[in-house]
Amino acid sequence: MKPAYIFLFLFSMLPLQLYPQSAQPLIFEKIEGLSQNTVYSILKDRQHFMWFATAGGLNRFDGAEMKIYKPSADNKPGTYSNQIIRSPLLEDSLEQIWFSSAAGFYSLNKKKGVFEHRPVTMNGKGEWSINPLLAEGNYVWGGNFDLGVIRYDRTTGKWKNFLPPLPPNKNTGFIKMIKDANHNFWLMPAKGIFFFNRNKNEWSYLFTDKQFTAIGSCNNHVYLVSTDKIYCCDINTLTLQRLDVTGINSVFALRVFCADKHFNTWAGDEAGNIYCRQKNQNYFEWRGNTNTSGDNYPVYSIFADDNDILWTGSEVTGVSKAKIYPPFFSKYPSLKSDPPVFIHSLYEDEKQTLWLGTFRKGLLCLDKKTGFVKKADGFPLFRGTENNSISLLKNDSQNNLWVAAYNGLYVRKNGEQKFTQVPIERPSSASTKELRAFAMYELGDTLYMSSQWGVFGIYKTGSSFSVKYYPEGGGYYYDIYIDSKKNFWLASEVGVFKRKDINCRFKTVISDTVIFKNVSIKSFTPDTSHQLLWICTASGLIAYHLPSGQYKFFAEAEGIGNSHVYGGLQYYDELWLSTNGGITKAMVTYTNNEVLPKLQFINYTSGDGLIDDEFNSGAFYKSANNELAFGTIRGVIWFKPGNIAFYKSVPYTVITSLLVNDEPADSTIAPEYLQQLSLPYNRNNLFIKFRGIDYSNPDKVTYSYRLKGWDKDWVYSGRLNQVRYNHLSPGNYLFEVKVTDAEGNWHIMERNINITIHPPFWKTWWFISLATLLLLSIISFIVRYISQNRLKEKIRQLEKQRALDLERQRISREMHDDIGAGLTQIALMTESVKNKLQTKELDDIAGTSRKLVGNMSEIIWSLNQENKSLEHLCAYLREQLNKQLEYADTDYTIDLPDNGKDIMLSNEQRRNILLVTKEIVNNAVKYSGAKSISVNAVIENSKLVFKIADNGRGFDTSASYSGNGLRNIKYRVEELGGKLQIISSVGNGAVYVYSVPL
């Protein structure tokens with residue numbers, strides 16, 4: 001391990017009280033927003049809120065916002081009266097705040113946000129004033145100027161007082177009272193001290209020969225102040241020790257005391273001065289003054305919190321805070337009241353004199369040890385303030401010091417005392433007359449200088465120097481860097497220009513490159529050990545790996561205090577950056593052989609001791625002894641990074657406001673205590689404010705939040721500490737917040753809020769179940785009703801059809817029995833007469849009668865509903881064709897389907913198919929003279945297809961015929977929606993093919 005790293009490690013292990021303290025006064029920052037600027041008491045509660053008792057009521061501070069509890073003029077329940085609160089503030093184990101005003105004794109229930117009046121009634125008199133001193137168990141102890149020590153029993157509401165014996169001088173009344181570390185009480189009358197041992201309920205009268213003006217308790221001591229002396233009393237031995245005060249010529253009477261966590265004692269006096277007595281020292285040292293305008297307003301209260309913040313409450317000036325152990329930044333000018341100095345450029349010589357290139361104040365030399373500043377020897381002072389602006393200071397390898405002023409370039413050669421002007425010609429293309437040089441880079445025997453006019457080369461010729469302008473590389477360049485491959489890197493307002501040849505105009509040769517186009521580039525910081533180039537921009541910091549071109553961007557979202565970065569200085573594995581928002585330390589680490597590093601940031605601002613938060617381009621310098629210097633618009637700071645102490649504090653996160661539909665979520669409990677929230681469906685608009693309380697580094701706290709069940713991931717909001725959710729759906733949610741500390745580490749809020757938004761009753765499971773059951777019942781009823789009606793209708797139709805079928809059967813029977821029998825009788829009678837008379841007319845009558853009997857039989861068959869299937873049709877047709885062909889002296893075949901049992905046919909279909917088939921066969925028998933006839937039928941594609949063929953004489957299908965046979969056949973097939981095809985010619989028989997849809 002390198003010695004420097006060993007030192008840093010050992011330094012980090014030192015206890016906090018050993019950190020170096022600045023010789024400069026503490027920097028006090030006034031807290032705005034108080035209800036009134038006279039502050040009598042300060043308290044930090046268990047939730048990390050700061051409470052201030054003022055002449056204008058009670059105030060609560062969360063690091064950014066002040067909440068004011070206004071008194072009530074009409075004694076409304078839950079409020080307090082009289083705005084002047086001079087008593088101490090006390091918090092008990094129930095997180096109640098106790099205090100006293102002229103109107104009485106009060107407690108504030110923080111959870112409910114209500115005040116309760118506690119009347120002090122004793123000796124037949126009510127409304128005694130009481131100063132709270134101690135809350136322990138069921139008792140609250142206080143002090144009264146007439147009654148001594150008073151005890152209040154919270155369970156019974158009764159009061160009891162412990163009055164000390166009168167001192168020998170018969171003095172009555174107490175000026176002030178305190179509690180010590182042993183929970184015993186000290187009361188200060190006009191002379192001497194009364195000591196009350198609470199465990200023994202015994203009084204002691206101490207130091208009876210002395211008159212004190214103030215009393216305070218810190219650690220194991222009680223401080224007693226007289227008009228000209230300060231004493232320290234050990235609370236265990238009750239012995240006095242006199243103390244001194246140093247660091248200020250005029251010592252005013254100390255009046256308030258407090259202790260910090262390092263057992264140091266802090267005190268404030270009647271003129272606003274602050275003193276510190278470090279542990280085991282026998283004197284108080286002056287550390288500053290809370291007044292900023294030269295007034296002498298007294299300090300009424302003082303408090304040191306566990307994050308080393310010193311809070312002071314004063315008359316008129318209100319509340320101020322200061323960091324007890326600020327980082328060690330040296331600065332010039334040292335006081336804010338001194339005239340500011342705008343710093344352009346910096347350089348430190350071998351005598352550790354810091355050279356300051358200023359705006360309009362010339363070239364100055366600063367003795368860092370004494371703080372003395374003088375005009376630089378040997379450098380001219382010009383007429384006109386503008387000419388006395390120094391934009392660049394640079395020492396070359398020959399120890400020549402270069403100075404670029406607005407009116408020209410100067411050099412102080414090694415060993416000489418005076419500066420010599422080096423002629424430099426203003427380019428004709430220059431838009432400004434002043435020379436503003438920003439950076440200089442040395443390569444071999446040449447110095448390359450970047451400026452607002454472009455790039456210049458400075459060459460040594462003998463004992464003098466010559467300057468060459470590179471017109472093809474013209475532009476406004478803040479910085480210049482030349483890498484190991486002799487590529488020129490130029491920082492401009494529109495990106496990084498990288499070129500192989502500085503003589504070539506941009507965009508005219510292949511080697512020209514623009515990187516990070518339209519990004520304002522401020523400076524370069526090379527890290528040769530990692531082949532990395534740090535690029536500072538107005539939009540953040542870029543880590544650029546030179547061999548691969550890989551890069552990573554860092555801005556405020558990654559932890560930089562301000563994204564406008566001017567310059568960077570490397571200190572071992574740290575990179576210190578100057579920004580528009582202070583100084584940032586970036587801790588650089590590499591993992592897993594990655595070429596780009598990871599950075600962790602710590603930000604420092606004027607609250608940490610900086611002279612100002614706004615820095616400048618070109619104003620940064622690292623000395624030979626690793627001291628860093630940065631210039632601002634007000635002056636310069638310098639420091640050794642190893643001496644900078646940073647006190648970590650983890651922000652305590654609380655919910656400060658929770659509104660539902662723009663009204664308080666729960667009027668019975670403060671938002672800081674809310675953990676569960678149950679809401680109806682129509683109260684689903686939330687507004688939540690949260691705060692990461694960090695009084696040390698409030699500007700460094702950033703936030704992320706998420707509503708589990710709504711947000712998919714954490715939402716980074718930067719410094720914005722509020723969020724609104726509208727129209728949340730019913731469901732269960734968990735609201736979480738996490739905050740960053742000053743080092744950029746995330747910490748999640750300990751107390752989250754579970755939020756349940758209940759659905760409307762019509763979306764609840766029981767309502768949906770009932771509604772579903774009801775709907776199913778209604779559907780079931782409707783289905784059943786429709787089914788029953790359909791069944792009834794079907795029964796009616798069946799009964800109607802049955803009645804129709806019965807009627808048809810009756811008609812069929814009657815036709816068969818009556819008409820059929822009559823026709824048969826006519827046929828028989830005709831046959832009888834025919835045998836006797838042998839006439840043609842009788843033959844016709846007999847034939848017609850037989851034909852009518854056959855037709856009547858077919859009609860009756862087709863009307864019979866029992867014969868409605870295709871199977872019945874084929875059986876009947878087969879029977880009829882056999883009868884028709886049996887005596888025709890013709891060979892025949894009949895092939896009809898056997899699988900038509902489930903195919904139902906209408907009366908019309910059955911009759912027409914029967915008649916068409918019989919008609920075709922009859923024609924073949926009667927007219928074709930065929931010796932062979934075939935009848936075939938098949939079921940194809942939901943159609944019944946008949947093919948009837950004979951080998952008779954055939955006929956010409958194109959000829960017209962006067963008979964009705966073919967016309968009837970075509971008509972009946974078309975009536976069924978079928979198709980008929982006749983294939984025949986004279987002498988070649990005939991084929992009839994017809995199809996009927998089923």
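C276 is buried, its relative accessible area being 3%. Here buried means under 20% relative accessible area, exposed means over 50%, and partly exposed lies in between, with a 1.4 Å probe and protein chains only. C874 is also buried, with a relative accessible area of 3%.

This is a predicted model: local features need pLDDT of at least 70, side-chain atom pairs count only at pLDDT 80 or more, and totals for chains, interfaces and linings use all residues. Residues are numbered from 1 along each chain as its sequence is written, and side-chain values use heavy atoms, with hydrogens and water left out.

**Cysteines**

A disulfide is a covalent bond between the sulfur atoms of two cysteines. The cut-off used here is a pair of cysteine sulfur atoms within 2.5 Å. How many disulfides does the structure hold? The structure holds zero disulfides. C276 is in none, and its nearest cysteine sulfur, that of C258, is 9.3 Å away.

**Overall build**

The protein has six helices and 71 strands. Both are DSSP runs, numbered from the N terminus: helices are H or I with at least four residues, strands are E with at least two. Of the 998 residues in the protein, 48% are buried. Contact means heavy atoms within 4.5 Å. Take the contacts between residues at least 6 apart in sequence: 52% of them join residues at least 24 apart.

Q880 sits in helix α4 and is buried, with a relative accessible area of 13%.

**Salt bridges**

The whole structure contains 24 salt bridges. A salt bridge is a side-chain nitrogen of Lys or Arg within 4 Å of a carboxyl oxygen of Asp or Glu.

| Pair | N to O distance |
|---|---|
| R154 and D92 | 2.5 Å |
| R118 and E116 | 3.2 Å |
| D898 and R878 | 3.6 Å |

Start with the salt bridge between R154 and D92. This pair links distant parts of the chain, 62 residues apart. R154 is in the loop between β12 (148-153) and β13 (159-162). D92 is in the loop between β6 (90-91) and β7 (96-101).

Next comes the salt bridge between R118 and E116. R118 is buried, with 9% relative accessibility. E116 is partly exposed, with 41%.

D898 lies in the loop between β67 (891-895) and α5 (907-927), and R878 lies in helix α4 (residues 870-886), so the pair ties together parts that are 20 residues apart in sequence. D898 is exposed at 62% relative accessibility, while R878 is partly exposed at 25%.

Salt bridges also form a network, which links D45, R46, E91 and K110.

**Cavities**

How many cavities of 30 Å³ or more are there? The count is two. The search uses a 1 Å grid over the protein atoms alone, and a cavity is a set of points where a 1.4 Å probe fits but cannot get out. Grid points are joined across faces, edges and corners, and a volume is the space filled by probe spheres set on the points.

The second largest cavity holds about 30 Å³ of space. Its lining residues, those with an atom within 4 Å of a point, are L26, I27, K323, P326 and G607. This lining divides into three nonpolar residues, one polar and one charged. Ala, Val, Leu, Ile, Met, Phe, Trp, Tyr, Cys and Pro count as nonpolar, Asp, Glu, Lys and Arg as charged, and the others, Gly among them, as polar.

Most residues other than glycine have a negative phi, and most peptide bonds are trans. The peptide bond from Y332 to P333 is cis, with omega near -5°. P333 is in the loop between β29 (330-332) and β30 (343-348).

H183 is not a glycine, yet its phi is positive, at about 65°. H183 lies in the loop between β14 (176-179) and β15 (185-188) and is partly exposed, at 25% relative accessibility.

Y572, a residue other than glycine, has a positive phi near 50°. Y572 is in the loop between β50 (565-571) and β51 (574-579). With 30% relative accessibility, Y572 counts as partly exposed.

Note on methods:
1 Å grid on protein atoms, 1.4 Å probe; cavity = no way out; pocket = protein on both sides within 12 Å on 5 of 7 lines; lining within 4 Å.
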